[in-house]
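Subject: A structure for you to explore

Hi,

Here is the structure I promised to pass on. Please open it alongside this email, and I will walk you through what turned up.

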Amino acid sequence: KLRSGKEIKLTPEHPLMTVKGWMPAEKLHLGSRIATPRVIDAFGTEIFSEEKVKILAYLIAEGHLSNNFVLFSNMDQKIIDDFKNAIHNFDSNLKIKLHSKEGCFRIVENRKGEIVIPSLRDAKGKFITKPLIDKQSSIRKWLEELNMYGKLAHERSIPDIIFSLSKQQIALFLNRLFSCDGCIYEKQKNYWQISYGSSSKKLIRQVQHLLLKFEIPSRIREKITKKRLAYEATIDGAHVYTFLNEIGFFGQKEIRAKKAIKECPQITRNTNVDTIPKEIWDLYKPDNWAEVGRKLNYAHPKALRESQRYSPSRQKLLQIAKADESELIEKFATSDIFWDEITSLQLEEGNFTVYDICVPENHNFVANDIIVHNSY
């Protein structure tokens, strides 16, 4: 398990990427830093109507999809109106009715037409008719096709189709999802944080993966509630600014988002986390630290040598790379790799089904949003 909350199960000999190269999982330890993608900018070309994207996001976040009902709960009037319009565009025969309390709405279908019951006649001998009733509305049928209906909150997941959409439509999906179940708040003065919570572990990992498509890393943490474990994905630092520009919020949360976006450009990246492992200094050292220090305008140029004691930030390493004209560390400083830290290791014994995946040429692939070597 990594600091970001990502997890992966591997056989002991399966290699993961470190600064010094591929290393078998069994030789890694707590605190080891391994390569994960900073961005997975892979988008699809599937065509999905805008109303379907919105409806899925709304119902995943705040829908009740069981007991023969399709319910939606929200108190934000702008979101309610948007949801109603999306439902109408999906099927004009559908209506939104207040269910049991303010802010809780039921989707029902207008039932039209009649069918004749040949075996029944009234007193005058005329055939008896009854309204044509389809117990399942079009919205419920669609949700069942997507394997969403009947799932409780902790069982929910994002349908496969969402992962095949364009960048614009995935951004719309995340916008509506976060506008319901997400939060944006000022953690401390001029320091904003965005989070998304769910009782479904699969759903929260899917959200983390979709955010990576926009180069927005997030951290998942577990929260203990009265009923069961809950999960929260958080975004902070400069990545809040990226989220607000690429995805944003809709409804009442737009007010806080506008305030945050004015302050976020002033925030630098979290250099305590977004760093290159200090093992980089085993691969590279300037011939003359003082000379590089002078190029970087250090008051005491020799003090730059102290950098070897720490994991350098990407920005600092890039400055050193340019000053010393080092292509090697410039690649490390500008790569699309985020060096995540192992925070938990557990050895599982027993009989397990294992899978071999081999990718030609580069011999590595991304699994669970972690870079792994071909298996064998």
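Let's start at F243, which is buried, with a relative accessible area of 0%. Keep in mind as you look that this is a predicted model. F243 forms a tilted aromatic pair with F249, with 5.5 Å from centre to centre and 50° between the planes. F249 counts as buried too, at 6% relative accessibility.

Next, follow Y196 into its strand. Y196 in β11 is the bridge partner of G182, and in β13 its bridge partner is A233. Strand β11 (residues 191-198) pairs in the antiparallel sense with β10 (residues 182-188) over six bridges, and with β13 (residues 229-236), also antiparallel, over six bridges. Why is β11 described as largely enclosed by the rest of the structure? Because six of its eight residues are buried. Between β10 and β11 there is a hairpin with two residues between the strands, where N190 takes a positive phi near 60°.

Now for a separate sheet. Four strands form an open, antiparallel sheet in the order β4-β5-β7-β6. β4 (63-64) and β6 (94-98) stand at the edges with a single partner strand each, so one side of each has no neighbour in the sheet. Helix α2 (residues 77-90) packs on this sheet, touching β5, β6 and β7, and its direction makes about 150° with that of β6. β6 pairs with β7 (residues 104-109) over five bridges, and L98 stands opposite F105 in β7.

The charged end of R176 sits over the ring of F250, 3.9 Å from its centre. K213 lies over the face of F43, at 5.3 Å from the ring centre.

Enjoy looking around!

Best wishes

Notes:
Residues are numbered from 1 along each chain as its sequence is written. This is a predicted model: local features need pLDDT of at least 70, side-chain atom pairs count only at pLDDT 80 or more; totals for chains, interfaces and linings use all residues. Side-chain values use heavy atoms; hydrogens and water are left out. Buried means under 20% relative accessible area, exposed over 50%, partly exposed in between (1.4 Å probe, protein chains only). Two strands pair if DSSP finds at least two bridges between them. Contact means heavy atoms within 4.5 Å. Axes are lines fitted to C-alpha atoms, for helices over the stretch in contact, and angles run from 0 to 180 degrees between N-to-C directions. Rings of Phe, Tyr and Trp (its six-membered ring) pair if their centres lie within 6.5 Å; planes under 30 degrees apart count as stacked, over 60 as edge-to-face and the rest as tilted. A charge sits over a ring if NZ of Lys or CZ of Arg is within 6 Å of the ring centre and within 35 degrees of the ring normal.
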